[in-house]
Amino acid sequence: MTSAPVLPAGAAGSGNARERARQLDRDDELGFLRDEFNIPTKGQIASTSLPEGSSANNNDSDTTTKCIYLCGNSLGLQPRRTQARLSQYLSTWATQGVQGHFKPLTNSPLPTWLDVDERAAEMIAPIVGAHVSEVAIMQTLTANLHLLMSAFYKPDANKRHKIILESKAFPSDHFAVETQLRHHGLDASKSMVLLKSERSRDNILTTEEICGVIDLHKEDAFLLLLPGIQYYTGQLFDIKTITAYAKERGIFVIWDLAHAVGNVELRLHEWGVDAAAWCSYKYLNGGPGCIGGMFVHENNSAVTKLITDERPEEGYNHRLAGWWGNDKKSRFGMENRFHPVKGAAGFQLSNPSVLDITSLCASLEVFEQAGGMGKLREKSMRLTKFLEEQLEGMGEEEKGLFRVITPLDPKQRGAQLSLGLGSGLLEGVMKELERQGVIVDERRPDVIRVAPAPLYNGFEDVVGFVEAFGEALRVARRESDAF
């Protein structure tokens, strides 16, 4: 498919911009995927009560007019098929009871509960660029980071003990690292290295800056933990280059892919990433608090001895173990001899929530319809570039009230643009956007994060947002000046 040109700067908010957006949406080969999602109406997002059936609690045009939802970086929208898949799961439970673990049903698209995690691994592997054996759908993001560090972080206070992470890491990552250090009896002030840019007030870190810090601590750093995409700035790191650089210096590399999975193309196996973890409720649309995922490179998850060995505790990398990580052939033998499943599945603990995995897999079915992350990424880059150009085309008054924090190089960002607002404008802007039926994410004190998701957003959503954003800026400015 040949990419259609986007509007030149200066066309934002005009009738020409909206008509051009509509044409781009008509030409979009992935546009049909929008119908796979439940997009709330303006009436629904304004309502303070749960609607009966599928209608909102009012009868005006807002009942059918869809909101502009650009918040998939915080919570993805619900696929329409999620309700059907959950209904099938509940029906299985209601009619089969415990037999649902083992009994295939000929007219059901769902796997048995015993195999539900394997099916999820098969579906997620292409999205993260991994072998099926290298991924597991399990636990939650921070729990998985702790499990990975418990398996692979083996510090020596006199040699390698430091963990490198960014100074503006998502708080849960910072908490995880700090408590892991304490768990090992280490002082975080001496063993935690925080990456901070000397050139960027928003802490946009260049690859050179990151590699420079790696070199500075190459003798005593044990672990590097970074986000694939930084949650606040929207910066996409060069995962391939940074991974190789750190590993060449003997540093183990873990990536937090919360904002990267389902957003950008990943090739974790090819890039030699040691391990990674992610959540599934953002671009993967699994639902709020849905089950997380883990990647462990095959070099770090091999099982070299058979379960019949006299010393079953040998032959694999040690980790915090659980029943569901035990080899399937002996799992129900109830013997107290742990021999893990080969690959990432051997890091599982309890049996996973079938409800969660069923919800996640409903969304992964839509990813399969899209034909791969390559097509989604291509559309995403066009959408976000279109957003950038429409923002650039706004009036000078409005442009003076915000700035784009996210790198302008499309290769250094995912779907998200983070917009830094003038002091005191955030509350007024968010209030006005919500009034107009526009949903974006706010990060205090003064940032909104705008993320057009290619599965369900279109170019007209972008134009609608920019028009509403301009008005919101003007309203917020007037209200600010009044005080």
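I took strands (E, at least two residues) and helices (H or I, at least four) as DSSP runs, numbered from the N terminus.

I noted that this is a predicted model, in which local features need pLDDT of at least 70 and side-chain atom pairs count only at pLDDT 80 or more, while totals for chains, interfaces and linings use all residues. Residues are numbered from 1 along each chain as its sequence is written, and side-chain values use heavy atoms, with hydrogens and water left out.

Next I checked the partners of S15. Strands pair if DSSP finds at least two bridges between them. Strand S12 (residues 417–421) runs antiparallel to S15 and is joined to it by four bridges, with Gly420 opposite Val447. Strand S14 (residues 441–443) is also antiparallel to S15, through three bridges, and Arg443 stands opposite Val447. S14 and S15 form a hairpin with three residues between them. Pro445 lies in that loop, and the peptide bond from Arg444 to Pro445 is cis, with omega near 15°.

I then turned to the open sheet of seven strands, which has the order S4-S10-S9-S8-S7-S5-S6 and mixed pairing. Strand S4 (135–137) and strand S6 (192–195) stand at the edges with a single partner strand each, so one side of each has no neighbour in the sheet. Neighbouring strands are turned by 15° against each other on average, direction ignored. Axes here are lines fitted to C-alpha atoms, for helices over the stretch in contact, and angles run from 0 to 180 degrees between N-to-C directions. Three bridges join S4 to S10 in antiparallel fashion, and Val135 stands opposite Phe295 in S10. Helix H4 (residues 116–128) packs on the sheet, touching S4 and strand S9 (275–278), and its direction makes about 125° with that of S4. Contact means heavy atoms within 4.5 Å.

Last, I looked at two residues with positive phi that are not glycines. Gln139, at about 50°, lies in the loop between S4 and helix H5 (141–152) and is partly exposed, with a relative accessible area of 28%. Asn203, at about 60°, sits in the loop between S6 and helix H8 (207–216). Is Asn203 buried or exposed? I found Asn203 buried, at 6%.

Technical notes
Buried means under 20% relative accessible area, exposed over 50%, partly exposed in between (1.4 Å probe, protein chains only).
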